Amino acid sequence: MSRITLSAACIGRGANRMNASVKGRMSWTSISIGAVLLLAAISVIPSNVEGVSPSDDWALSTLDTSGEVGHHTSIAADSNDDVHISYYDYTNADLKYATNAGGSWNYQTLDSTGNVGTYTSIAVDSDNRIHISYSDETNGDLKYATDAEGSWSVQTIDSSDAVGSHTSIAIDSNDRVHISYHDVTNNDLKYATNADGVWSIQTLDSSGDVGIFTSIAIDSNDKVHISYLDDTNKDLKYATNDGGIWNYASIDTDGDVGSYTSIAIDSNDKVHIGYLDLTNADLKYATNAGGSWDYQTLDSSGFVGAFISVAVDSSDKIHIGYCDATNKYLKYAINAEGGWNYQALDSSGMVGWYAAIAIDSNDKVHISYFDDTNKDLKYATNVGGSWGCQILESTGNVGSSTSIAIDSSDNVHISYHEATNGDLRYATNAEGNWDYQTLDSTGNVGLDTSIAIDSNNKVHISYLDNTNNDLKYATNADGVWSIQTLDSTGSVGFDTSIAVDSNDKVHISYHDATNGDLRYVTNEDGVWSYASVDSDGDVGGDTSIAIDSNDKVHIGYYDGTNYDLKYATNADGTWSLQTLDSSGDVGMFTSIAIDSNDKVHISYLDWIDLDLRYATNAGGVWSIQTLDSSGDVGIFTDIAADSYDNVHISYYDATNGDLKYATNAAGSWTCKTLDSAGNVGYSTSVAIDSKNGVHIGYEDFTNYDLKYAHLCLSVPFGPKNLHATAGDSSVNLTWSAPNDGGSPITSYAIYRGTTSGSETHLTTVGNVLTYNDSGLTHGQTYYYRISAVNLVGEGPQSAEASALVPDLEAPSAVQDLHASATLDHVYLTWQAPSSDGGATITGYKIYRGLYNGTTLGSVTLLAQVGDVRNYTDNSVANGQTYYYEVSAVNSVSEGPHTDMGVFIDMPGEEPQPDNDNTLMLVVVGAIVIVSIAIVALVWLRKRK
């Protein structure tokens, strides 16, 4: 498949809109990338945007790099805040789909039958099933893919002429599908839906060349709203059936407007449309939120407004992702503060094409887009816990010898070497935007930089003057930058490392290459003083220094004579030295950090195996372990500890040319690749901000750029699955932990009210998932919401849960009373009453009466037992009939007796043997036998 080349005739419209009469010969883009770039190039509006970079709240990532992928992206978030993206694989002409629903990003091809997958649009239903509309360019059809039945199925919805371009899909409250699209053959706006159970298709607008750039949305009444371009009149048009029949209106007719429309509906069923003003190359916005249609220009800073996507959050704030074609940026606009704000999110090449935006349940933003420089699918989000990487400076050969530090306002400061001119450079975002300046250009300076921030947020930098082999120092502590040479006694200043103590005094470790010593300089006494801490062989290479809470110094360094990791400290008042690791050639690229308990953490390289190694005395004694052995890793290590004493290490993967990162923040060590865009990860330096956000400065060796990676942090998401269960004057709450925003959850705030929506703060509990609210009023319904809190702040509240604390009353009647009898015993069993009356049953009362066959005697209390369901009556007489009833007792009172009592007959007396009578019977028996024998003898004689 070849790219479309635009002729000059196309440029006036910036479009490649074919009036195709032959089915299957439709273009796959209406305003191609080439047209947008060409229009941007000939625009007379200059760009004043330079070095724009995203806020620390945003993370950028490349999702799919398998060929030229990422055209025609569309994005949606499901009820679990998982992200789903449909897009076009230009290399293979396929429909593709990406999701992180399984915990990590997964990609698959959904349709590869011909040239399919352009003009994708994705939506998620209430069961989190996916629905995608798209174009079949080979056959000129509208196609539809879904996993609604559990597996992916694909079908053709409309094959009448050349149809299916500019599709847009939406799902109503009944999970029915609605699709707007363009009929290229007839230049009409078309609409397909299965709202009645089967697919129906109709032409909505045929008044001229209409229906390009369609966008569809459904309101709370399941009414349909569609924005689109009237290309005949160059107008923004709008169609809706909210009045019961379809109505059409031209919203904006001021010039050539209406390309790249995107529509969204707020909670009040008001309409919001973003679109391109092609006459002025501006981003425009139209809404009827004020009762009538109003439109305005939002961004006019160059050629902006292509590839627009609009979304509305739960507070009815408007979010717009779009492309700045002049600067080739992905841009983002929001009216969250009452006025519109704009920022460039990604400026790393030609990015921002096919931008698509979605808002999740926590009002976090997700944007998918195409990187035309690298032909990749990219993704931007302000969800916490995500990494973003960006280029800070690319003017010349910059980025080596980087060192990073964070001030008390969480602003970033980076020192680095500019090799083109041999200068010390410094970058910071302390004023909001990134600013870059040269601090020292006297010779080849700025190698081996190390940066630290004092309590007044003043900057201190140590570095090597490679021209003179001196140790130099730069600071703005007095308000302006001053430079001085600290040590020029031989070849000194190599491998510098700087730290500032609690009194804002400076401590620097470095290598004396002339004598092979570990050197140390400090101004803690008011003047600079110097010492050789270790001179036992060639030592002091790759030094790293840290200060503990008592302002004691700790230095990790390399022993080049013995190839060991060494450690020096004055924690006990004098310098002590020890070898920590001598297992091979170890100790290069050392970096040291001190945690809140003054425990030491050192990362370093195992040169023999090219592994990342780690040493710590956090357990009381020194322990050594290999953290990463997956290839040639561990070069350029740098280490930092956060406020939880978790350890964070940045380092270089030489096998793959990647920036890598290791941490034990999750409880065990994990290693991940942060940046693999070229040969990156040289000269890494890591720092932690006050919210435990991780920041890494490093060099892109492929492009000789200074790069910066940051772990985006945010407040936690809203807790999930809140359940309220009523008990005796109490309600028990349970919930599930949410996404922590990248910073561990420290507590949960519990809100309670007596009417829905009236919750106020009740209490705050620790990092637990249950709470019992006691001492409540019986007969009252209580409503609850929960929010999670981390170091960044308190997140949004959960969905509401309620429980009715029942009124207290006596229990109902005992159920299923049964009795059985043996000699001298009656055994009773029963079941608990159907209701305990709102209070726990404390026991049961047993009642008994005597029945003489005709009359039941008085029934009186026999016994009272605890919360058991059986009783044995041992005070019974055999041969009698007894009657029993049982009642339940709670803290209120005794409940009614058993609905049906039970009668039980005791067995009668068994006859006892009488010895005299027995003897008499024996005598009588003997006499009878003798008599019979005599009679028989007489009879026999007579016969004879």
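Asp-551 sits in the loop that links β42 (539–547) to β43 (553–559). That's one stop on a quick tour of this predicted model. The protein has three helices and 71 strands, and with a radius of gyration of 41 Å, well over the 30 Å that the globule rule gives for 944 residues, it is more spread out than a compact globule.

- Phi of Asp-551 is near 60 degrees, which is a positive value in a residue other than glycine.
- Asp-551 is buried, since its relative accessible area of 19% falls under the 20% cut-off.
- Asp-598 is found in the loop between β46 (586–594) and β47 (600–606), and phi is near 60 degrees here too, again positive in a residue other than glycine.
- Is Asp-598 buried or partly exposed? At 21% relative accessibility, Asp-598 counts as partly exposed.

**Overall build**

- Taken along the principal axes, the C-alpha atoms of the protein fill a box of roughly 160 × 90 × 70 Å.
- Buried residues account for 54% of the 944 residues.
- If you take contacts between residues at least 6 apart in sequence, 48% of them join residues at least 24 apart.

**A four-stranded sheet**

- β6, β7, β8 and β9 make an open sheet in the order β6-β7-β8-β9, with antiparallel pairing.
- The edges belong to β6 (116–124) and β9 (153–158); each has a single partner strand, so one side of each is left without a neighbour in the sheet.
- On average, neighbouring strands of this sheet are turned by 25 degrees against each other, direction ignored.
- How many bridges join β6 to β7? There are six, and the two strands run antiparallel, with β7 covering residues 130–136.

**Ser-650, tucked into a strand**

- Ser-650 is part of strand β51 (residues 647–653).
- Its relative accessible area is 0%, so Ser-650 is buried.
- The side chain of Ser-650 makes a polar contact with the side chain of Thr-684, at 3.0 Å.
- Leaving aside neighbours within four places in sequence, Ser-650 is in contact with several residues, including Phe-636, Asp-638, Lys-660, Ser-685, Val-686 and Ile-696.

- Leu-850 belongs to strand β67 (residues 841–851).
- With a relative accessible area of 41%, Leu-850 is partly exposed.
- Setting aside neighbours within four places in sequence, Leu-850 is in contact with Thr-855, Leu-856, Gly-857, Gln-880, Thr-881 and Tyr-882.
- How far apart are the C-alpha atoms of Leu-850 and Glu-800? They are separated by 57 Å, for two residues that are 50 apart along the chain.

**Cysteines without a partner**

- Searching the whole structure turns up zero disulfides.
- Cys-389 is in no disulfide, and the nearest cysteine sulfur, that of Cys-712, is 9.8 Å away.
- Cys-389 counts as buried, at 18% relative accessibility.
- Cys-671 counts as partly exposed, at 32% relative accessibility.

Key
Residues are numbered from 1 along each chain as its sequence is written. This is a predicted model: local features need pLDDT of at least 70, side-chain atom pairs count only at pLDDT 80 or more; totals for chains, interfaces and linings use all residues. Side-chain values use heavy atoms; hydrogens and water are left out. Two strands pair if DSSP finds at least two bridges between them. Axes are lines fitted to C-alpha atoms, for helices over the stretch in contact, and angles run from 0 to 180 degrees between N-to-C directions. Buried means under 20% relative accessible area, exposed over 50%, partly exposed in between (1.4 Å probe, protein chains only). A polar contact is a pair of N or O atoms within 3.5 Å; within protein, one must be able to donate a hydrogen and the other to accept it, and residues adjacent in sequence count only if both atoms are side-chain atoms. Contact means heavy atoms within 4.5 Å. A disulfide is a pair of cysteine sulfur atoms within 2.5 Å. The radius of gyration is taken over C-alpha atoms; the globule rule is 2.2 Å times the number of residues to the power 0.38.
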